[in-house]
Amino acid sequence: MKGILRQPPKPGPSGNKGKETFVLAHISDLHLTSPSGVRPTLLLNKRLLGYLSWQCRRRHIHLPHVLDALLLDLAEAAPDHVAVTGDLTNLGLPDEFRQAALWLKRLGPPEKVTVVPGNHDAYVATSWHETFSRWAPYLAGDDDSAGAGVYPILRIRGPVALIGLSSARPSMPFVAVGSLGRRQLARFEEMLERTGRLGLLRIVLIHHPPIPGSISWRKRLTDAPLFAEVVARRGAELILHGHAHVSREDELVAGTHSIPVLGVPSASNAGPIPQCTARYHVCRFQRTADGWRLHLAVRAYAPAQHAFIAGAEKEIRLPARNL
């Protein structure tokens, strides 16, 4: 099958092979772009509703100075890698992809930042060349033989396998569903099996929450039950997502294991609802005798300080590997 590893993959350019720890920052739902000045002809579709939402609400909530504070805090945290689980744009306009590409360069080089798309990035059907091609180095796996826009992607960084899925697709007005499709799920299953046999810490990145019933019908992952079946057969150690704009900590029962599923709010939200205030996660993985332990540290935006500060922390035992 095209794009699936036939030989054991080589470690990515992280320089941390054999390390006993790995630090991953997880951010999501940045909505960092501005669609102001858009040509009216580009709004003659679902984008018109999104543009009105941005004019009336989103542009007052997702604020550039919060993103500036985020960059400063991430620089100080100095993680080994950053995972971005979608919704960098508001309407998926070509100019928004250009703006987001400039911001990604400020965040870090492509080899240290992995991006998977969100539903806002695929708001309406449009060409890859006009949109996602601007982020191509951040979206690509280590083996890009499958071609641009083919998912899942795999990036190996030291002891970690980052597996990026795309649940982003255009949907009807007032609906923000996502789907994976059987072809992507088939590739995903083989990728989980191969990286599992290599003994890697498998972290799955996806925009939509993958647990059936965990979000409203109009925002759901339509094939979440099929996703769960794949993970039950092949296993994974951790699943990270965005989309819900609130902190979530769930478990996906997969075979004999319960796999932690963690969601972060928007990393740019300065609105009045406390549970939606901008946050991101710093995940520190520590190798143990039978697998990995996760120390999760929340970084929360504090408006009074105009900075991200320490939030809750907890230890999470990841599923033990069957040896």
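Partly exposed residues, in this predicted model, are those with a relative accessible area between the buried limit of under 20% and the exposed limit of over 50%.

**View A. Asp 290 and Arg 317 meet in a salt bridge.** Here the N to O distance is 3.6 Å. The pair links distant parts of the chain, 27 residues apart: Asp 290 sits in the loop between strands E10 and E11, and Arg 317 belongs to strand E12. Arg 317 has a relative accessibility of 44%, so this residue counts as partly exposed. Asp 290, at 36%, is partly exposed too.

**View B. Asp 142 forms a salt bridge with Arg 157.** Their closest N and O atoms are 3.0 Å apart. Asp 142 lies in the loop between helix H4 and E4, while Arg 157 is in strand E4 itself. Is each partner buried or exposed? Arg 157 is buried, at 2%, whereas Asp 142 is partly exposed, at 38%.

**View C. Strand E4 pairs with strand E5.** Five of the five residues of E4 are buried, so the strand is largely enclosed by the rest of the structure.

**View D. Here is the largest pocket, with a volume of about 670 Å³.** Its lining has 30 residues, and nearest the centre lie Arg 57, Arg 58, His 120, Arg 218 and Lys 219. The lining divides into twelve nonpolar, eleven polar and seven charged residues.

Definitions and conventions. Residues numbered from 1 in each chain as written. Predicted model: local features only at pLDDT ≥ 70, side-chain atom pairs only at ≥ 80, totals over all residues. Heavy atoms only, no water. 1 Å grid on protein atoms, 1.4 Å probe; cavity = no way out; pocket = protein on both sides within 12 Å on 5 of 7 lines; lining within 4 Å. Points joined across faces, edges and corners; volume = space filled by probe spheres on them. Nonpolar A, V, L, I, M, F, W, Y, C, P; charged D, E, K, R; others polar. Buried < 20%, exposed > 50% of the residue type's maximum accessible area, 1.4 Å probe, protein only. Helix = DSSP H or I, 4+ residues; strand = E, 2+ residues; numbered from the N terminus. Pairing = 2+ DSSP bridges. Salt bridge = Lys/Arg side-chain N within 4 Å of Asp/Glu carboxyl O.
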